[in-house]
Each structure stands twice: as structure tokens, then as C-alpha cells.
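Hi,

Here is the structure I promised to pass on.

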Amino acid sequence: MMTTTYSGAANPRRIGSPRHLVKAWPTFAALSLLVAGCADREVVTLQGAGATFPEPLYKRWFREYYDINPKVRISYQGIGSGAGIKQFLNGLTDFAASDAAMTPDEIASAPEGFGGVKLLPMTAGCVVLAYNLPGVERPIRLPRAVYARMMLNEQALPTNRIERWNDPAIVAANPGVDLPNLPITVVQRSDSSGTTYLFTQHLVEVLRQIQPDLKLKAGKSVDWLAGIAAKGNPGVAFTIDQTPGAIGFLEYGYTRVSGTPTAILENRAGSFVAASPQSAALGLAEAEFDNNLIAWIPDPAVEGAYPIVGYTWILVRGRYDDPKVGSALKAILRYGIDQGQTYAADLGYVPLPPATVEQVRQAIDSIEVANAAESVGQESESPPPAAASVAGSSRGDIEERIEKAVAGFSEDPHGNRE
Amino acid sequence: MTTTNSPQTRGTLAQPPSTFEKLNDRGFRTLTRLFALAVVLMLVFLVYEITRTAWPALITYGPGFLIGSDWSVAEARFGIWPQIAGTLVSSLLALAMGTLFGVTVAIVLSQSFLPPKLEWLLTNLVQLLAAIPSVVFGLWGLFVIVPLVRPIANSLNETMGWFPLFSTRLSGPGMFPAALVLAIMILPTIASISRDALASVPQRLKEAAYGIGATRWQAILQIIVPTAAPGIFGAIVLGFGRAVGETMAVAMLIGNANTIQWSLFAPGTTLAALLANKFAEADPVVEIPALMAAALVLLVITLVINVVGVLILQRASRSLKGIH
């Protein structure tokens with residue numbers, strides 16, 4: 001089996017050139033790799049693009065997978081869910097990633113040759129309310145009615161607005177906290193985003209319960225949120241950090257890196273819950289997937305469940321005519337739902353529940369690949385053999401790699417900024 | 001001696017051009033024409049593509065697109081009045097500040113106030129400002145300008161909050177910091193073109209002014225600056241053109257709030273910021289045509305401003321001809 005050969009020598013640079021040459025002549029080695037790469041027709045390059053929300057996790061998977069199977073190279077561009085879907089449907093990429101799944105229209109608009117579109121939940125996460133309150137040390141608690149009313153603009157909510165941090169409603173929920181007399185500056189996304197979709201979906205659900213007369217619709221970009229706007233999760237995180245009195249919604253992982261405090265939110269059951277992979281998992285467990293494996297949990301009801309959670313999907317074609325691409329993609333997707341899940345919690349995501357993993361595995365199996373027998377990825381039709389090699393490498397090695405990944409992740413927010 | 005290659009004949013005798021030289025000459029001329037044409041064609045193609053993509057939005061929303069103030073993809077309602085207003089307000093504010101500094105810098109650098117070496121150094125330093133990437137200005141604005149301006153803005157708001165221009169606090173990004181950074185960004189344009197205009201005022205005029213007993217300040221303010229005024233005005237208009245189209249720094253600093261407010265410290269938005277923020281993620285059916293229509297409006301605005309600026313500069317150099 002090919003993979004076992006490489007799983008031992010994890011460094012891809014050693015392929016095609018003797019070891020001493022690599023040490024002595026890095027340039028020559030790189031060149032020989034290039035030549036080998038061109039000559040080696042078995043190397044497969046997969047192109048993917050989409051959501052920034054799971055980007056750190058996916059990049060991590062692809063990097064780890066490269067060590068296992070250097071013949072498969074995956075390039076992933078975090079250009080946003082909407083743009084990712086667009087490129088995917090135009091046939092520019094082999095797969096896409098989206099936090100807002102796909103609309104029935106988008107699914108229907110897939111070209112004939114795709115053999116339909118499959119949505120695969122790959123991981124899940126939560127959206128937090130991060131804030132900047134100078135002098136406030138303890139995490140603040142925000143009741144449902146309060147944070148919902150904080151975020152809306154004047155057109156959407158002309159009365160009952162909460163505009164200052166020392167509003168009686170906030171003070172009452174935070175006994176003993178000295179809240180400053182500062183205006184609340186809401187920071188929202190200026191671009192269309194899956195994070196906005198998750199957040200507005202939850203807000204609409206909360207508002208439906210407390211103020212049914214408001215007719216607001218959730219979306220990837222809405223015109224009823226208040227305040228200033230910044231581009232991308234990194235932009236919002238940065239603006240919050242720079243603006244005293246700011247509050248804004250962010251993907252959980254981004255606040256873990258920057259250390260921005262996040263609010264403890266009241267959930268539907270009335271308990272106050274801080275964001276964590278555990279509390280998010282409680283909410284996500286309520287998900288019921290439809291035929292397309294889409295599920296929304298706009299307002300989890302379980303006690304102790306974090307209220308703003310959602311899955312994020314990888315979108316693939318129903319059929320791949322290029323056997324190499326198809327089977328390589330199936331192999332990496334299987335890797336993602338197996339070993340890939342172990343990295344999720346490290347990076348602030350929520351691993352998929354076992355039942356969901358099983359559903360996704362079946363969906364991956366059902367992706368058709370033309371002439372699968374001739375492909376490179378064939379050996380991975382069985383569970384990834386390289387699992388053993390990763391598990392077998394020393395603990396310290398893995399910890400080191402986690403640290404590296406987290407460091408790489410912390411660079412990402414700046415890398416994304418334009 | 002019959003060899004034409006001998007040193008005497010080759011240097012002195014004119015020869016008819018060889019076929020190679022003729023072809024070379026013709027080929028080069030064709031090439032330059034092709035490239036010149038390509039530039040024009042590129043512009044035409046650009047305008048055509050934008051108009052074509054914007055067409056559905058233009059016929060659907062009509063003039064309401066210019067005066068509406070919603071940007072709602074869900075309801076397919078689009079209006080760019082806040083963006084147009086924000087573009088003009090931020091650019092005019094920047095222009096007011098940029099002109100003050102730019103013309104002052106131009107006077108200092110053109111009227112031999114400084115030793116020639118220092119003048120040369122400063123002139124180049126001002127030019128260098130133009131080479132700083134927009135995103136660097138944006139980050140600098142967020143990290144330096146906003147924290148610097150915020151206390152002043154907020155104390156103005158506390159003491160003079162009744163005055164509409166100071167009626168909100170500056171929370172972070174907002175119209176004023178954006179305009180301030182814009183002013184610095186258009187400074188090189190205004191300063192260097194104004195300096196050229198001031199430097200091209202004939203020496204005779206200055207001497208005549210001193211000759212009839214004018215002080216240095218009188219000569220500068222009453223003779224030299226008025227003579228160079230058309231050129232300076234052209235510089236200002238070109239600076240305005242640059243401010244209107246400036247994107248990245250403004251998108252980072254203005255707050256991207258789809259509102260129009262009197263207060264200088266409130267967040268706003270501009271056409272360029274709208275495009276930069278929305279384009280990558282825009283819905284291809286509904287939003288892209290609307291964005292393209294906004295791009296077309298921006299194109300028209302900058303085109304008009306630049307044409308006016310160039311015309312003024314041309315008139316300025318023509319009116320100076322008589323004086324020389």
C-alpha cells in the first residue's frame with residue numbers, strides 16, 4: 001500500500017531525492033521535488049474555497065493530512081460562504097465550505113454534470129458576544145431580552161432600546177459589577193457572512209418570543225442591526241478591541257486567540273451559559289438533520305446549552321468524473337470526520353456527535369466516483385490507514401503540532417485582513 | 001576604395017534606410033499605436049462591462065436608486081444616498097483640511113524659505129507620502145488617529161453637544177477620523193501640483209512686486225498665490241478626485257454604517273467602502289447589479305471631477321503664457 005510507505009517518512013520533501021541530498025542541497029532538493037511533482041502523475045491537487053468560520057480547522061486538517069498522504073494537496077481559500085458557493089457552482093473549485101448551508105435554490109442551480117450537491121456537516125461552533133468594557137473585570141451576564149434589544153437599530157426597534165451600558169436592565173442582571181456610563185457601540189459585519197446568519201437567526205427567534213410584532217428576517221447580511229460594521233471575523237474582533245463600549249458577534253475561536261471577554265448569555269431554559277465547546281455541544285445535540293443533512297438550532301432549549309450554535313458544511317458534488325479528485329476528496333473527508341474531529345475542540349470548535357458522524361460517513365460513501373478502481377485514493381476506501389501513524393507518533397510531537405496550529409491560527413486573523 | 005564599410009564613408013555618407021530599418025521603424029510605430037489603442041479599448045471595455053452588469057439594477061430601481069437609503073438584499077431594495085452623501089462629505093472634509101496643509105506646504109517649499117537642500121528633501125518626503133499603501137494608512141488611522149482624536153471629540157460632544165456637528169460621541173471608527181486620514185492621503189497630490197503652479201509663476205512678477213515695495217508676505221499672498229490660483233485650484237480638484245475614490249483606508253475607518261447623520265463623529269459610509277465590503281460575498285442575482293450600479297455612479301463622479309480638474313489646470317497654464 002502506498003500510504004504506509006509514506007506514513008513512516010512523513011516529510012514530503014524526502015520523496016524522490018536521497019536523504020543526504022536534502023540536507024546538503026536544499027535548493028537541489030526543491031528542484032528535484034518540482035521535477036518529481038511534474039513527472040509524478042499521481043499527485044492530486046484539490047481546490048476548495050468558502051467560509052472563514054471553520055478555516056483554521058480545515059487548514060489544520062489539510063496540513064495534517066499532507067503528512068499522511070503527500071500525494072494529495074489541498075488548497076483552501078477562506079473567501080466567505082457566499083463566494084465559496086458561487087465558485088463551487090461555477091465549477092471553479094472541487095468543494096466549498098459554508099456556514100449557511102445552501103438554499104434550495106442554490107442546490108437546484110447546480111450544473112447537470114455535478115450529479116447533485118451533497119452537504120456534509122463537518123464541524124460545529126458557536127457565536128459569542130464579545131465586548132470591550134474598560135474597568136469591568138468579571139464577565140458580564142446578558143439576559144435574552146437585553147442582548148436582543150441592544151443589537152437592533154432605530155428603524156427596527158424605535159422604542160425600548162438599550163443604548164447605554166448602565167441601563168437598569170443590564171445593571172439588574174449584573175449585581176456588584178460597576179458598569180460604566182458609556183454608550184453601547186454595536187459592531188457588526190460589513191460583508192455578508194455565515195456568522196451573521198447564525199446570529200440573526202437566533203435573534204429573530206428570541207425577538208419572536210419577546211416582541212412578536214417585529215417582523216425581522218434572518219440573513220447573511222441584514223439591514224436591521226445597529227452600529228458600525230467591519231469586514232470579516234478578524235475585522236470585527238479588531239474593532240471591538242479598539243472601541244471602548246463596543247459589543248459585537250464573533251465566531252468563538254477568534255475571541256479565544258485575542259482574549260477578548262465574552263458575555264454570558266441567558267438561554268431559552270433561563271440559565272446563564274458561557275460559551276465553551278461543552279455548552280455548545282449540548283445545544284447542538286438537539287439538531288435534527290433533514291435529507292440534505294441541513295439542521296438549524298436557532299434557540300436550543302436544554303438547560304446549560306449555549307444559545308447561539310450552528311453546524312458548518314462542506315459542499316461536494318454528487319459525482320466526480322475525475323477518479324483521482326473524487327477518491328482523494330472522499331479520503332480527506334473521511335479523515336476529517338474521524339481523526340479530524342480530535343482537533344476541533346483545541347481550536348474552539350465542537351466535535352460532531354457520533355450519530356452525526358455516522359450519517360456524514362454514509363453521505364460521503366454515497367459520492368459517486370467514475371472508475372474508482374484506477375484512482376490514487378483507492379487505498380483510503382478503508383478507514384485511513386495512516387491513523388496508526390499519527391496515533392503512534394509521540395505525545396509531545398502532537399502537542400507541539402497543536403501549539404503550532406494554534407499559533408498559525410492566531411496569525412490568521414491578521415492574514416485575512418486586507 | 002569601394003568598400004562601404006571603411007571608416008570614412010560609414011561615418012560621413014548618408015545612406016538610404018535598409019529594409020530591416022524600414023520594417024523596424026514601421027513595426028515599432030504599429031506597436032506603439034496598438035498599445036495606445038489597447039489602453040483606450042480597456043477603458044471602453046471596463047465601462048461597457050460595468051454598465052452591462054449594472055443594467056438590470058438601473059432599469060429596476062431607476063432614479064430611486066440614487067435617493068433611496070436602504071441596502072436590503074432580502075427585500076431587494078437598494079439605494080445609495082447615504083453612500084453618495086458620505087462620499088461627498090468625507091471628501092469635502094478631507095479637502096478642507098488637505099487644502100489648508102497642502103497649499104501651506106507648497107508655499108513653504110516653493111518660495112525659498114528653506115535652504116535648497118532641505119527644500120529638496122522635504123519636497124521628496126511629501127511625494128513619498130503618496131507611495132504609502134492605503135491599508136497602512138487605514139491601520140495607522142485605527143491605531144493612532146482614532147485613540148488620539150477620541151478624547152478631543154468626546155469632550156467636544158460633552159461641552160458642545162447641542163451643536164449638530166458634535167451631537168454624537170466618537171466611539172471608534174467614524175466620519176471625522178476617516179476624513180482626517182483622507183486629508184493626509186491627498187496631501188501629496190495637492191502639495192506637489194500646487195508647488196509646481198507656484199514655482200511656475202514668472203520671476204519677473206515677483207521682482208516687480210518687490211520693486212514696487214511689497215513685503216514678502218504681500219508678494220506671496222497678493223501676487224504669487226493669485227497668479228498660481230488656477231493651478232492650485234486644479235490641484236485641489238484632483239485631490240478631491242483621489243479622496244472620492246479612496247477605498248481601503250476609508251472602509252477601515254469610517255464605520256460602514258448605512259446612515260446619514262449630522263455629527264462629524266458618527267459612523268458613515270462611502271461608495272468605495274460599500275463596494276469593498278460587499279463585493280466578495282454579494283448575491284450574484286440581486287446584489288451584484290446593484291453594486292455595479294453603485295460603481296458606475298462612483299465612476300461618473302470621479303470622471304466628472306477629474307475632467308474638471310484637468311480643464312482647470314489647462315486653463316491655468318494657458319493664462320500664464322501671456323505673462324511669460
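Predicted model: local features only at pLDDT ≥ 70, side-chain atom pairs only at ≥ 80, totals over all residues.

**Chain A overall**

Chain A has 418 residues, and 56% of them are buried. Its secondary structure comes to 17 helices and 13 strands. If you take the contacts in chain A with a separation of 6 or more, 76% of them link residues 24 or more positions apart.

As a general point, nonpolar side chains in soluble globular proteins tend to be buried together. Here the largest nonpolar core has 117 residues, and Leu142(A) and Met151(A) have the most contacts inside it. The element that gives the most to this core is strand E4 of chain A (residues 117-132), with 11 residues.

What does Leu142(A) touch, leaving out residues up to four places away in sequence? Its partners include Leu129(A), Tyr147(A), Met150(A), Ile170(A) and Ile247(A). Further along the chain, Ala263(A), Ile264(A), Leu265(A), Glu266(A) and Phe272(A) are also among them.

There is a second, separate core of 73 residues as well. Leu95(B), Leu142(B), Ile224(B) and Leu298(B) are among its members.

**Where the chains meet**

The contact draws 28 residues from chain A and 30 residues from chain B. About 2100 Å² is buried between the two chains, with carbon and sulfur atoms giving 50% of that area. How many salt bridges are there between chain A and chain B? The count is 0. The polar contact rule, on the other hand, finds 7 residue pairs across the interface, both residues of each being at pLDDT 80 or more.

On the chain A side, the elements that give two or more residues are helix H5 (81-89), strand E7 (228-230) and helix H10 (232-242). H5(A) gives the most, with 4 residues. Sorted by class, that side of chain A has 9 nonpolar, 12 polar and 7 charged residues.

**Salt bridges**

Over all chains, a search of the whole structure finds 18 salt bridges.

- Asp191(A) and Arg189(A) form one, with their closest N and O atoms 3.0 Å apart. Both Asp191(A) and Arg189(A) are buried.
- Asp365(A) and Arg334(A) meet through their side chains at 2.8 Å, N to O. Asp365(A) sits in helix H15 (residues 354-365) and Arg334(A) in helix H13 (residues 323-337) of chain A, so this pair ties together parts that are 31 residues apart in sequence. Asp365(A) is partly exposed, at 39% relative accessible area, whereas Arg334(A) is buried, at 5%.
- Glu49(B) and Arg52(B) are joined by a salt bridge too, at 3.0 Å from N to O. They are 3 residues apart, about one turn, and both lie in helix H2 of chain B (residues 19-61). Glu49(B) is partly exposed with a relative accessible area of 23%, and Arg52(B) also counts as partly exposed, at 46%.
- Arg144(A), Arg268(A) and Asp299(A) are joined into one network by salt bridges that share partners.

Cheers

Note on methods
Residues numbered from 1 in each chain as written. Chains lettered and ligands numbered in written order. Heavy atoms only, no water. Core = buried A, V, L, I, M, F, W, Y, C linked by side-chain atoms within 4.5 Å. Buried < 20%, exposed > 50% of the residue type's maximum accessible area, 1.4 Å probe, protein only. Contact = heavy atoms within 4.5 Å. Buried area = accessible area lost by both parts, 1.4 Å probe. Salt bridge = Lys/Arg side-chain N within 4 Å of Asp/Glu carboxyl O. Polar contact = N/O pair within 3.5 Å; in protein donor to acceptor, adjacent residues only side chain to side chain. Nonpolar A, V, L, I, M, F, W, Y, C, P; charged D, E, K, R; others polar.
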